[in-house]
Amino acid sequence: MDWKLLSTTKIDKVYLSVFFNLCYLCQKKQAFPICLHCRSGFEKNITCCQKCRKPFASQHPEEQRLVCGECQIKPPSYDTCFAPYLFTGSMRTLIHQTKFHQQVHFIRPLVHLLSEHLLKAYQNQAWPKQLLFVPSHPKRIRERGFCQTQLITKQLEQELRQQTQNAPRLPTYNPIHKIQHTEAQHLLKRKDRLSAPGNSYQILQPIAEHIALVDDVMTTGSTIEAVCQSLRQAGAKHIDVWIIARTADR
């Protein structure tokens, strides 16, 4: 008997039972990262544009099948967008804690919520072949110490592949590079976000024809649009955008 392996296995089980089988918000003992009670603090993005997932101001049921005026006039460069939650309440708090206060352990419950939605959405459609993320500029990464979208995407790949072997894979090196440093988006007004340079991203490695592009939050959609335009130019035929939370335009 391999006593060393046995002891390591036991230690892993104890560690997981103590630190992982708890709700990340209330610390209640349970098997999922967020308990049913705390889930009530995450508002779902239900009444929204069926193209870009921008929430509608009103909440009439008939609007759940509508496309917003902006997408009708100028359709976005991606094909499908999944943004299951609104950037409010507990969702806003967790994402801010992750991005601005180095609380990266909150990535696990955020990814768990997104993966649940994706597994349902792709039950009857083909998964993308490649998993990519919207990168931060190297200067921003040095300031924060990490790229939150990279950490989110790595965790998402792991969680999805535990559930299905058809989930897309994350390449060793992300082919998307941000080559122009811009001011943090959350500090900009809407008109400044929309007028941000569209040539801030380059695709430096080969990409698949069907891609899933991951980001944490979408507000105006200008960043996602800039990346998707670059992906189209690099040969992407079908782009699915995966967002954790969507904000309403102010």
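Q: What share of the contacts in the protein with a separation of 6 or more is due to residues 24 or more positions apart?
A: Such residues account for 71% of these contacts, where a contact means heavy atoms within 4.5 Å. The structure is a predicted model, in which local features need pLDDT of at least 70 and side-chain atom pairs count only at pLDDT 80 or more, while totals for chains, interfaces and linings use all residues. Residues are numbered from 1 along each chain as its sequence is written, and side-chain values use heavy atoms, with hydrogens and water left out.

Q: How many helices and strands does the protein have, and what makes a run count as one?
A: There are nine helices and seven strands.

Q: Why are α5 and α7 called oblique to each other?
A: Helix α5 (residues 107-121) and helix α7 (residues 148-163) pack at about 50 degrees, and their axes lie 9 Å apart. Angles under 35 degrees count as roughly parallel, over 145 as roughly antiparallel, 65 to 115 as roughly perpendicular, and the rest as oblique. The pair is therefore oblique.

Q: Which residues make the contact of α5 with α7, and what is its make-up by class?
A: From α5 come Ile107, Arg108, Val111, His112, Leu114, Ser115, Leu118 and Leu119; from α7 come Gln148, Leu151, Ile152, Gln155, Leu156, Glu159, Leu160 and Gln163. By class, the contact has nine nonpolar, five polar and two charged residues.

Q: What makes Ser222 a buried residue?
A: The relative accessibility of Ser222 is 18%, so this residue counts as buried; buried means under 20% relative accessible area, exposed over 50%, and partly exposed in between (1.4 Å probe, protein chains only). Ser222 belongs to helix α9 (residues 222-233). Its C-alpha atom is separated by 9.7 Å from that of Pro76, 146 residues apart along the chain. Across the protein, buried residues make up 47% of the 250 residues.

Q: Why is Lys139 called partly exposed?
A: Lys139 has 39% relative accessibility and therefore counts as partly exposed. This residue is in helix α6 (residues 138-144).

Q: What makes a set of residues a nonpolar core, and which residues have the most contacts inside the largest one?
A: A nonpolar core is a set of buried Ala, Val, Leu, Ile, Met, Phe, Trp, Tyr and Cys residues joined through side-chain atoms within 4.5 Å. The largest has 35 residues, and Met91, Ile95, Leu118, Leu156 and Trp242 have the most contacts inside it. Two or more residues each come from α4 (89-100), α5, β3 (130-133), α7, β6 (210-218) and β7 (238-246). Helix α5 gives the largest share, six residues. A second, separate core of 26 residues includes Phe56, Ile211, Leu213 and Cys228.

Methods: Axes fitted to C-alpha atoms, helices over the stretch in contact; angles between N-to-C directions. Helix = DSSP H or I, 4+ residues; strand = E, 2+ residues; numbered from the N terminus. Nonpolar A, V, L, I, M, F, W, Y, C, P; charged D, E, K, R; others polar.
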